Every structure is written in structure tokens, then in C-alpha cells.
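This report describes selected features of a structure, taking its chains in turn. The sequence and the structure come first.

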Amino acid sequence: MKIGVFICYCGENIGRTVDCAAVAQACASIPGVAVSVDYKYMCSDPGQNLIINAIREHRLDGVVVGSCSPHMHEKTFRKACSNAGLNPFMFEMANLREHCSWIHDDIAVGTAKSIDLVRIAVEKVKRNEPLTPIRVPVTKRALVIGGGISGIQAALDIAGAGFQVVLVEKEPSIGGHMSQLSETFPTLDCSQCILTPRMVEVYQHPNITLMSYSEVEKVEGFIGNFSVTIRRKARSVRADLCTGCGDCVQKCPIKKKAYSEFEEGLAFRPAMYVPFPQAVPNIPVIDRAVCTYYKTGKCQACVKACGRGAIDFEQQDEFVTEAVGAIVVATGYKLYTIDKKPDDSQYKGYGEYGYGVYKDVIDGLQFERLASASGPTGGEIRRPSDKAVPKKIVFIQCVGSRDESKGFSYCSKICCMYTAKHAMLYKHKVHEGEAYVFYMDIRSGGKGYEEFVRRAIEEDHVKYIRGRVSRIYEKDGKYIVRGEDTIAGMQVEIDADMVVLATAMVPQPESAVLAQKLGIAYDNHGYFVEVHPKLRPVECSTGGIFLAGACHSPRDIPESVSMASAAAAKALVLFGSDVLEREPVVAKVNESTCAGCFYCQKVCAYNAVERREIRDRAGNLRKVVAYVNEGLCQGCGTCNATCPSKSVELIGFTDEQLYAEIHALA
Amino acid sequence: MHHAHPHTFSDDIAELTGQDPSLCYQCGKCSAGCPVRAYTESPPNRVVRYVQLGFDDEALASQTPWLCAGCMTCSTRCPKEFDLAAFMDAVRQLGIARGVKPPVADMRSFHESFLSQIESHGRAYELGLVFSYKMASLHLMQDVDVAPEMFLKGKIGVFPHNVRNTDAMKNIFRRAAEVKE
């Protein structure tokens, strides 16, 4: 073999603590090295030409560049090799900068170590094999999981670019939490007024297939080639016949057995219901847990009411499989509740605030429903217990959030703003009312946000008290809120008619299960994790899966919408190619020695290991062996390290290559 | 990685309690629920603040650590799980070690009287505590008016109720004294 060695000074970066000329000279005598030179900037055009010319002139079949890290310039030099007609995988890099010059002061030490690093790389490249990138086709169709504002935005963006989208929503209607909100900060525009047109757009878009009341059951495949099984839950109403007239809902006699999820438990809904009047799709669902028919078989009021014969008590869950190339996950959040938690829960409730037993101690979403014109009180602020208009309301921020004793270290980010909005809305509706806000810090970063909070204080005279509340208890029909104003250094006690808790945002409870189905990372709270917090904030470590909205971390509407558009853009980048090229550094199983123990399958983080049956000519099963799906394998090498019979090798990093590298030092 | 910095009062407290006072983010929940707050010049969170900022003299001059009832309401409700009652105890100990006169006269006598009861009986013996404290502080007639009612309600027993093994308790005290030396 003929190897070329090229030593870079990287200006002074390497040259200062490594005698590059001496390294090049020493490396010339390593067996197999045909040419060894040094140059000021190997990545520059003349530097690359030096490599290209040497490959042609000396008919090199391996190249080692001693320079910076592969992260920086591996692609550059592979391309140079390729341009000279050499397989780009017959190239190795010795990191003389990060691993050597930057961490040593002594030139003698740096030079000796550089020679060793190059020798290691030379021994490896001698054992390299020419490889070709893996090419996989791209299915130009997207799945969006979650039909809140993030999912809606992502779906509309991808569909608007001309690609098909399947939008899956587990509730009977899309719209998510935004559909529950009264008005939105910092402009106070009506949430429904800006959201519902988007919901209708989704429904009518020719490129969007909406699957409401559906959940993702199974995900197989890999970037560009996912196969997703979706459970379409039985509505007990045939969508193809229903016109959404609402007669069945009117006639359903079971009016008060189930609390409305949409009204956050502040009102009842019938057994046959549409979550809210603007629901999309406007097709009702039967709650089988409370419906009389499913209990006794007696009631058929809805069947009689329906002029289209759309009620189908026998309907079953259906499973459909969709082929998609990209997945946007937008499953959103829930609010933490302060009630007593089981011992095994990672969170604790607030005994000092009554564990949620006080009727007029409510959370932020409940207040949204009270303030909403479409809510149970028609937009009048009335407390749940006796429907009286509260004269004094206390708002408490950071309930759960930033409270490590309850299991949260993080800030929920949106509460400072929505609490200011709540206090403002209350003052606008109840002019003589008093509003107090207990806060620890006010976090109002965002366009017009700080001005909005100041407006609540200066124009609407909301009283902000800097301190946490120690206890809430009931006394003579009032809620005594005991806090401290740390600015005045005084204990404060307020006898409130109602208390609104800005409780922490948490991911959907099933988020960890979904993450496991998708093979994506999630943190200890269940929030999905991105590849890189700064430079790749919407991509998952599993290729082809992107994140949008509050399922990633607490965020408000503008941030969720931005993130959704970013996720859509990433999916569209993928759809810009017909075929994907991937590094061929993947695991490969030696089928003749594989014992079929499948330890590799257990440890694979990417679900890349499959079972393959080996049969003889007569078709008899001889054995079952592991098989690595090249599309899914990320080349991490865990299977390689785990295999007891050494039957898995990582291409490009075989045991032979690694031992050769170690021997080069001996 | 540990960076060398001069040993502070806050470090002393961290060593005694196992918790660094910088944990406190000054939310004020401790002060909000403190039952002796009305009788002191500083809310408890301010004493922590003094320590965080290196105002040792202010912390040692505060009545709050000395009037702290050790009811643990603050420690129980603290969102950072900072044991404020232990913190107050440490401030008292360090004050004594530095020879600072307790800012609330007689509180040291009270604490010592209380501990002497525990040493002898293994649990609180209220009548013994009353006598011991009065002898030490010479406030012989203080709170005498509430005594009859407390007797009637059974709050103060005539005889001590010792724990089964009082020797073990004495050993604990002896060992603690040795460790201190």
C-alpha cells in the first residue's frame, strides 16, 4: 500500500507547539508511507491541491492528514480524495490540534505525540476498505402528532409546500389548549378568533388528512421511510354520515355524569358530546364510560334523534398504516395539579395550599374558561363554589415551577405573562375588585411583554407582592393567603374570595411511552430532547423526527408557532431530496458465527437490530440471527461491544483496525 | 473543581449543616409562615441574605436565630428543601463560638436549661425546665400567671417521664462533648 501523509500547521495553532516539518520527516519512514509533506494551511485550495496532486503522482491508495478535528474538516479532505479518484473512506485524520498542540506547551512533547498520532492513523488507513455511502429513498409525506397550535402550524406549512400530511390528534377535536384560552398576551386578542380559522384551514386543506380521536400505536422504519400504525378510536358515530347537526347531543339524556374536559371540570358535558362548538371536525363522540346504552342497552335517544343513521354503537377501533418520510412531534403540555400524589410519583402536591380541595382555588386554565366568552359563565368572573363575583383575587405564580421540594427545578416560562393577563382581565371585568399577584421574579422577555406587565401594575393597579405564599386556608368563607413581601420585609395576609394558581407546565403523561415508540430521547420530566440545544434545536437524535411546541419545553404561542415552522422547514429540507446519502459506518453481523442471543437487539438504542431467519435449500429453518437495518443504525457501536461471540463489527471501526491502532503505539 | 477562596461565615454554616446557604433563592416562603416573625426585627430570609452577602455581624446581631422556635414550618415548606431551622441553629452555635453575646438576653440560658433536661430525662420535662431556666435567668416571677391553667390542662406534669435508658442519653451527651473538643 502507498500512503500519503500531510501535516498541517493550521497557521500557528499547531505550528506553535509542534515542529510540523520534523513530524513530516519522521512519518516518511513509517512502513507504507510513500510521501510525507507539511504545509501551512492544508484545508486551503493550494493545500488540497497538494493532496490531489500527490494522490495522482504517487498513485496513493490511502491518505492521512494531520490537522484539526474530523468535525472541522473531515468532509473537506474526503472530498479532495474523491476529486483525485480515491475512495473517500480511504482517508483518516490525525487530530494534531485539539488532541495535541492546544493542550501541550512543550514542543518536544507535542512533536513526539504528533508522530504517534499520525502513526496510529497510518496503521488504521492501511486496513480501511473502500466504502460507498448508503442510499435510501425518501417518502415525501409527513406525519404530525398533535393537533394543537404547534401541530396545526407544522401541518399547514408542510401541506402549503405541496406535500401530503397526516395529522393525528388524540382528542375528538384539534385546537389544543389554545382553543381554551380567553385572550392572549400581550395584545389581548381573542384566542378562538385567531385559532379557529387555522383549524378550518387544516380541515379543508387538500394535502392534509386529519385523524382526530386517534393515537399513534406503532412506529417502524427510519428517516425517509417510516411506517406508522395509527389507532382510530371508535367514536360510535360514523364520520361519513354525520353532518354535525348536533341533534344527538341535544337529545342525550346523560347531561351531568361527566365533567367537560374542555371546560376544565367547571361544567358538565353529555355522554354524547362535541368538546366545544367550534370543534374540528364537528363530529360528536360517545363517552362509553357514562353512556346508558353501554351500561344497560336501554337508551337509544341519539339513534332516534339522528336523521342520518350515523350512530353506530358497534363501531370498533380501527388501525391504519401510513407511510411517511418525516415526523413532527407536537404533543404539547398539561398543567400540574396540586393534589396529593402517590408515593411513587416524582412530584408532590401542596398540602399547604389544601391539596386541591378548596373549590375556589383554581388553576390558570380554569381561569381562562371563566374569562372566556364561550366559557361556563359566559365570560363573567364567578367563583366555582357559589357563582359569586369575587371581590378579591389572589394570583400565585411559580406553583410547582421552580419548587424543587415538589419535584420541579425548571421555570414554566409562560406564567408571569398569563398571570399579568389574568389580573388585567379581572380588573377589566370587575372594576371595584382587588387583584394581588405573589411572584418571585417577573420574567417578561419577549416583544411587548415587559410593557404588558407594567401596564397591569401601572394602569390596572394590580398589586404585585414579591414573595412566596406559605399557606392557604379557609376561614369564614374566605381563603386566607399568608405570604411575605420580601421587599417590605413584612408578612402579608389577604382574605381572598378566590385564588388562582399558576401551576407548572408538564409534558403529556404518555410522552415517555410515545418517545419509546419513536425511539427519541426524553428528559426526567418527559420532555423530548433535541440533538443540540443551540444549533439543532428542533431535530431529534433519531433522523427524520422533529419537535415543535411545548412537548420540548415550556413555551408560549409565538414560540410554539416559530418552532413548528422550523420543524416543518426541516421536514421540507428532507423532502428536497429523492434519495438520502448516509455514512456507511454501520454495524454488520457475521451470520455464520452469530448465535442468535440478541443481546445486541436489547442494547440497541435505535431499534436497528432485526431478526433474520436462515433456511436451507429445502426451506427448513436452520437458525435465527441478528440483522442490522442500515437505515436505522447510527454506528454507535454498542452492539459491537456487547456481542459475546464477537459477531458484530462496526464497518470502518473493526476490531482489526482498532487493535492495529493500539499496536502502533507499542 | 474547587476554586480557592477565603473561608467565609457561610462556609462555616455549610460545614455545620451540610447545606450551602447559597441554595436559598430568597422567595420568602419561610418568613411568610414563621410564627415568631412578629417578635423579631428581621424575617428569617433576611438573616440568610446577610450570610449570603457576608454580613456576618448583622446575622450574629439578629434576634431571629435566637427566637427561632425550631418549629420547622420553614424547613418543611421550603421549595429548595433548605433546612432553615438547622441554619438558625448553626448561627447560634457560631455566635457562641465567636463569643458574641446573644442578642436576646437569657436565650442561651433557656437553650442550656432545655438541653440539661434532655440529658437527665431523655425527653422534655417541663417543670424541671421552668425551674432550671428561672434559676439561671433569675426571672423568677415571669409567666407565673399562666402556670395554674397550664397545670390544669395537663401541659405541665409534676413528675418527669424518663425514657427507659437514661444512661444512653447521657452517653450521647458525653460523646457529643468529646467530639466538640
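The model is predicted: local features need pLDDT of at least 70, side-chain atom pairs count only at pLDDT 80 or more, and totals for chains, interfaces and linings use all residues. Residues are numbered from 1 along each chain as its sequence is written, and chains are lettered from A and ligands numbered from 1 in the order in which they are written.

**Sheet in chain A**

In chain A, 3 strands form an open sheet with antiparallel pairing, in the order S24-S25-S26. The edge strands, each pairing on one side only, are S24(A) and S26(A). From one strand to the next the twist averages 20°. Strands are DSSP runs of E with at least two residues, and helices are runs of H or I with at least four, numbered from the N terminus. Two strands pair if DSSP finds at least two bridges between them. S24(A) and S25(A) pair over 6 bridges, and A:Glu474 stands opposite A:Tyr479 in S25(A).

| S24(A) | 469–475 |
| S25(A) | 478–485 |
| S26(A) | 490–496 |

**Helices of chain B**

Chain B has 11 helices and 0 strands. Its C-alpha trace spans about 55 × 40 × 30 Å along the principal axes. Of its 181 residues, 27% count as buried, that is, with 20 or more other C-beta atoms within 10 Å of their own, the C-beta atoms being placed from the backbone. Among contacts in chain B (C-beta atoms within 7 Å) between residues at least 6 apart in sequence, 63% join residues at least 24 apart.

Helix H1 (residues 9–17) and helix H7 (residues 84–97) of chain B have axes that come within 9 Å and cross at roughly 120°. Axes are lines fitted to C-alpha atoms, for helices over the stretch in contact, and angles run from 0 to 180 degrees between N-to-C directions. H1(B) contributes B:Asp12, B:Ile13, B:Leu16 and B:Thr17 to the contact, and H7(B) contributes B:Ala86, B:Phe87, B:Ala90, B:Gln93 and B:Leu94.

**B:Pro79**

The loop between helix H6 (73–77) and H7 of chain B holds B:Pro79. B:Pro79 is buried because 21 other C-beta atoms lie within 10 Å. Leaving aside neighbours within four places in sequence, B:Pro79 is in contact with A:Arg402, A:Asp403, A:Glu404, A:Ser405, A:Arg468, B:Cys27 and B:Lys29. B:Pro79 and B:Asp143 are 64 residues apart in sequence and 37 Å apart in space, C-alpha to C-alpha.

How values were computed: Buried ≥ 20, exposed ≤ 12 C-beta atoms within 10 Å, placed from the backbone. Contact = placed C-beta atoms within 7 Å.
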